[in-house]
Amino acid sequence: MASQEQQKYDVVIVGAGMAGMYMLHKLRGQGMRAIVIEAGSDVGGTWYWNRYPGCRCDVPSVEYSFSFSKELEQEWNWTEIMAAQPEILEYVNHVADRFDLRRDMVFNSRVSAASFDEDAKHWTVTTEQGESYTADFCVMATGCLSMPNKPEFPGADRFKGEVYHTGMWPKEAVDFAGKRVAVIGSGSSGVQAIPVIAEQAGEVIAIQRSPVYTFPANNRKLEDGYMDLAKADYATIREQQRNSQTGIIYYSPRRPKPEGAVPGKPKRRPSKTILELTPEQRKQEIRDFGFNVLSQYVDVHTDPEANEIACELYRETLRELVKDPAVADQLAPKNYPIGCKRPVIDTDYYLAFNRPNVRLVDLRETGPIEEITETGLRTQNGAHIEFDMLVYATGFDAMTGALKRMDITGRGGRKLVEKWEDGPRTYLGLQISGFPNMFTITGPGSPSVLSNVIVSIEQHVDWIADCLSYLRGHDLHVIEAEEQAESDWVAHVNEVAKGTMFTAPTCNSWYLGSNIPGKPRIFMPYVAGVHTYRQKCDEIAADGYRGFALAG
């Protein structure tokens, strides 16, 4: 790649995850010269870095897949309802091989800065390795959950044992056998990792900062014939995904009925609201549909009374699952609503606390972590907890972390970190006023993390590619979000989030940036859904890219 480093490109893409891969493929199809710069040693993005035990997708595999190639759909076979990380990474590598994507990618190269030259009307992107690339357009495919959050505990470098972070897990296998393993964090990665580590470790010490609402994944191997039926249904699946709220439809194949079969009664469905049910009916629905049903009632997400009923039913169910009443009480979320944080799915998370080698340390009772020592950690109440291995399952600086890590400079020398000092501002989550010719895939202000991200990625990539084609066709070279359009969009994003549990006063989630000390509290994703959002984006494009300033 040395000879290419000094060449000018039409587009430079930052990140070789699913967004960067599809963006490259799409631009190639339009005859544009593009290059992808990636910090890792290969493709995969989140599935490259998150290799921790138990890591898997929380979207059905058939739906968590690219739709841009009918041939790709027909040749790939998933093995589980919700695929684990190794299988998804295998799929991603298959896509990279099939479309020969790596020949236009630079690996082991982390972008440190990107700046816009107003006179030349191009971006210069530089890396920590000293490489430099120029392009007319810059596409940030850096992902929403790609900047690991590692709390700065006093004495952290003193610990003499092994230390890992779920978001930066090594490729080599980690040996837990016979070891005392402390896991800090009970979000999605902690919930997935703890039961698997517990099967191998001598002891697991789950250090809980805030308990989480988590629902059973009900994952299983795909039945024989499932993929054949799914492949025949792909066109319908994709249409339904794009016209849904979240891009997830929980596809179930329509199996042909045996000849002579007598039609049975249609299967009963859960009620739409929890308030319409009597206490006994609520318990019956939990028995019939599992306690996942508590997050499916419409009024639970908007009505505080309905939500509190669901929360109490959740805690009752939890007390039935966990044998030790004291531990069940510690694991029970309180003082914040179901639906305020990212939905977490698990496999045997609560049952893991029935194992003799798993114990819970609740920091709400011991006080926060005061320091890390050579052999463990000390809490505020003076307790010293000893272990051999420390796993940070502490999540990410979501939505904005990867972008703010880079030194991004727009018009007039304006820094992105300065513009976003009080919270992220974008137009449609696609562009930022003051930063011409730079696009963000699934940026703040788009459905992104509230959706099946593959559906959102494909919609953004298609929109950006169509936009660049439009500019070329009209001899235009610059596109920039207008400041008023950006302000109006930010106001709209906040308005549609009002009245939902996402913005409840007692809610502290990474959707709001609450997991990062000093980060402004602002709701970042767009809650109105992928279908509504797609319509708005299409209308704006059809209206000559309303809200964007275009120039020759």
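The second largest pocket of this predicted model has a volume of about 270 Å³. A pocket is an open set of points on a 1 Å grid over the protein atoms alone, with protein on both sides within 12 Å along at least five of seven lines. Its volume is the space filled by probe spheres set on the points. Lining residues have an atom within 4 Å of a point. Helix H5 (188-198) and strand E11 (344-346) each supply at least two lining residues. H5 gives the most, with four. Helices (H or I, at least four residues) and strands (E, at least two) are DSSP runs. By class, the lining has eight nonpolar, four polar and five charged residues.

Six cavities of 30 Å³ or more are found in the whole structure. In a cavity, a 1.4 Å probe fits but cannot get out. The largest cavity has a volume of about 90 Å³. Its lining includes Pro424, Arg425, Trp489, Phe523 and Met524. Eight of its lining residues are nonpolar, three polar and one charged.

Helices H1 (residues 18-29) and H14 (residues 453-473) pack at an angle of about 35°, with axes 10 Å apart. Axes are lines fitted to C-alpha atoms over the stretch in contact, and angles run from 0 to 180 degrees between N-to-C directions. Contact means heavy atoms within 4.5 Å. In H1, Tyr22 and Leu27 are among the contact residues; in H14, Val461 and Leu468 are among them. The contact residues comprise 11 nonpolar, no polar and three charged.

Residues are numbered from 1 along each chain as its sequence is written. Local features need pLDDT of at least 70, side-chain atom pairs count only at pLDDT 80 or more, totals for chains, interfaces and linings use all residues, and side-chain values use heavy atoms, without hydrogens and water.

Key:
Ala, Val, Leu, Ile, Met, Phe, Trp, Tyr, Cys and Pro count as nonpolar, Asp, Glu, Lys and Arg as charged, and the others, Gly among them, as polar.
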